[in-house]
Structure formats: structure tokens, C-alpha cells
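Grab a pencil and work through these exercises with the structure open beside you. Each task comes with a solution in steps.

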Amino acid sequence: MEILMTDRSKSRSGPQIHAEPSGGPAPASISRRTLLKHVAAIGAGAALSNGSLLAAMPRVESNRKRGRIDVHHHMLPPFYMDLRRSVSGIGEMPIWSPTKSLDDMEKSGVTVAMLSLAVAGVTFDAGEAGRSLARKSNDYGAQLVTDHATRFGLLAALPLPDPQGSLIEIEYALDTLHADGIALLSSYGDKWLGDSTYAPVFEELDRRKAIVFVHPTGPRCCTNLLPHVPATTTEFLFDTTRTINSLLVNGTFSRFPNVRFIFSHGGGTMPVLAHRMARLFPQELLSQVPNGVLYELKRQYYDTADAANSSSLSALVNLVPSSQILFGSDFPFLSAQATASDLMHSGLPGKTVEAIDRDNAVRLFPRMRG
């Protein structure tokens, strides 16, 4: 497959906002001071471096020659792993390398993987250290795209608790690195994506008609609610729903309609709660969703990472058009083969499976055409 590479040049000087960067503390399980110390240590100078009805249906095999496009595929750069290992209590991470990504892609029929920084991303308000870590991560990902132009794309990290730094990184990532989109977390400290602090960032992303991939995290409020139950089990999925609600009630979806959101894991718990969210939407905030709650939910995109099983997929396809569903694996936490197998046995029509595997992403990412 040949991928058409597009050239985007700078059209104007970097966007500016006048407010000072807002606070967004690190997750509660990690000392912010400790985290900043380690970020500063590794990031210095980085800115300068480069059972249901579906289950009963028959298997459908997609066309492997046309290849899957994986929109939920993580990279774990060595400097990022050094940071994580240096902070206690942050949890185990899988071993990753570009070769491991390419091997899993080959085994799973994935032609192109959109790389994003693994969970935690740039989650802290670290000033220059946070900006440096985002820059170093994006340079690393862009180099992988350069080295493997037909196999990888890049969803660039932002230091979102720092709006001014995020605006600078948007310009660099999209104009200089030609990233395919932006990757954000569902929450930062005690703020979800609809928070007014982030409005200047979404205004710029809307101007650029950017694709924004949203990965969940454990919010500060709820990381350790149940002993022995990690946040990844349920809280990640609820946090996706929280941030979707935040984008609804604060009018982010309706005010910035050119931003194309991709929500991980089939939208978390949102497909099950969507009609309840619409029915109980605050009457005094209806102006924030002039076209209605369900309208906004149906036009966003959702990936299939750990959500192509019959129960999750049934809820999702019952809510949104199949044109809004994209293949996602969550590699290296899961092999792409797991999602591929679930989709092949999902009972969805063959053309729908092919669209989820590839065609919907081709429509969304311009350089995949051809």
C-alpha cells in the first residue's frame, strides 16, 4: 500500500493566549514534586532534540490485502520508560520496541498504526519540563514515522495542563512534524476536557480541523476507590464517560464542531448510559447542545480496543453509525489479534467489518488515501 504524504507549511506565527497556565496536578498516587524532579532530569534540553445476538453470528474475514489501520497503538520510548520506572507505585508496564510493534502488526494484518504515548502521557503541569517531555516524545514518534512512513502515523502529545505550552506544541506537531492528530487524556488532575481552562486549545484545534484521540486515565478523585481493583479495570471506562459529559455540558462539542474526537475502548460506559445522559441533561444547559445530546454523541468516533466483544460492540452499534467506529488494539497492552478476532466473530456484515478495519480511518486521515 502506498501512503500519500502531505506537506503542511506554517501559515502564521504561533497562537497566543493571555492567561497564565492553569494548574493541573499529577495523579494522587504520585508526589507532584517527585514527578517533576524526574521529568526535569530526563527532559532537560529535550525541546531542542529531534453471548449476544452478535456472538451467535458467523465469522467474517476481512480483506487482509487492504490492511487494518490501528488508531490505538502505544509507543513507550526508552526515556519515557526511565521516567516511569523512577517513580514508585506507578505500576508495571510491558516491554516495547518499534520492532515489537511491527511484528504484532504483521501477525494481525495491521498495515498502519497510529502511535500515541502510553497511559499517563504528559499528565502534569510541569512547566518547561512538561513541555520538554511532550516535545521529546513527539520528536521520537515523528522519527519512527520517517523511518517507517508506510507503517506508522503519529498522534502527538500535548502538555495540556499548560494551555500556552499546548498551543506551541500544536503548531510544532502539526506544522513541523506533520503529525496526523493529537492525543489527549480524559482528565488531568481534577479537570476534564470540557473545562474552560482548555477552551483556547480546542479553539485552535477546531481552526485546524484536528483529529483528537482521547485515552482514559484514573482521575485524582477515583484512582483508589476499591482496594485491589486497579483504575484500569473500571475507572478508565467511567472517566471516558465523564469527559464526554464534560464536553457536552460545557458546549465544547457544539462550539468546536470541526474537532474530530476518537474515544478509546468504544467510548467506555457511554454507550450504555447515553440515553440516560440525554434524558437527565440539565435543562438550564440545553443551549450547550443545540442539536441535542444524542446528535453530538453519534458524530464522534470510537475505537474497538477491548470493546469488540459482543456485549460492548452491541451497545456501541446500537447507538452510533458503524461509519464512526475505528479499529483499535491497545498494543502493547493487548495484541491487535484480540480485536481482530472479536471483530471477525462479531456478526457484523463483511462490508461493515472492512469499514471498521480500514475504510472509516482512511476517510478520517487524509494521507491514508490512495
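Buried means under 20% relative accessible area, exposed over 50%, and partly exposed in between (1.4 Å probe, protein chains only). A word on the ground rules: this is a predicted model, where local features need pLDDT of at least 70, side-chain atom pairs count only at pLDDT 80 or more, and totals for chains, interfaces and linings use all residues. Residues are numbered from 1 along each chain as its sequence is written, and side-chain values use heavy atoms, with hydrogens and water left out.

**Exercise 1.** Describe how helix 3 (residues 78-85) packs on helix 5 (residues 128-147).

*Solution.* First, geometry: the axes are 10 Å apart, at an angle of about 140 degrees. Axes are lines fitted to C-alpha atoms, for helices over the stretch in contact, and angles run from 0 to 180 degrees between N-to-C directions. Under 35 degrees is roughly parallel, over 145 roughly antiparallel, 65 to 115 roughly perpendicular and the rest oblique, so helix 3 is oblique to helix 5. Then the contacts (heavy atoms within 4.5 Å): Pro 78, Phe 79 and Leu 83 of helix 3 meet Leu 133, Lys 136, Ser 137 and Tyr 140 of helix 5.

**Exercise 2.** Glu 169 forms a salt bridge with Arg 135; is Glu 169 buried or exposed?

*Solution.* Check the bridge first: a side-chain nitrogen of Lys or Arg must lie within 4 Å of a carboxyl oxygen of Asp or Glu, and here the closest N and O atoms are 2.9 Å apart. The pair links Glu 169 in helix 6 with Arg 135 in helix 5, 34 residues apart. Now accessibility: Glu 169 is buried, because its relative accessibility is 3%. Arg 135, at 14%, is buried too.

Note on methods:
Helix = DSSP H or I, 4+ residues; strand = E, 2+ residues; numbered from the N terminus.
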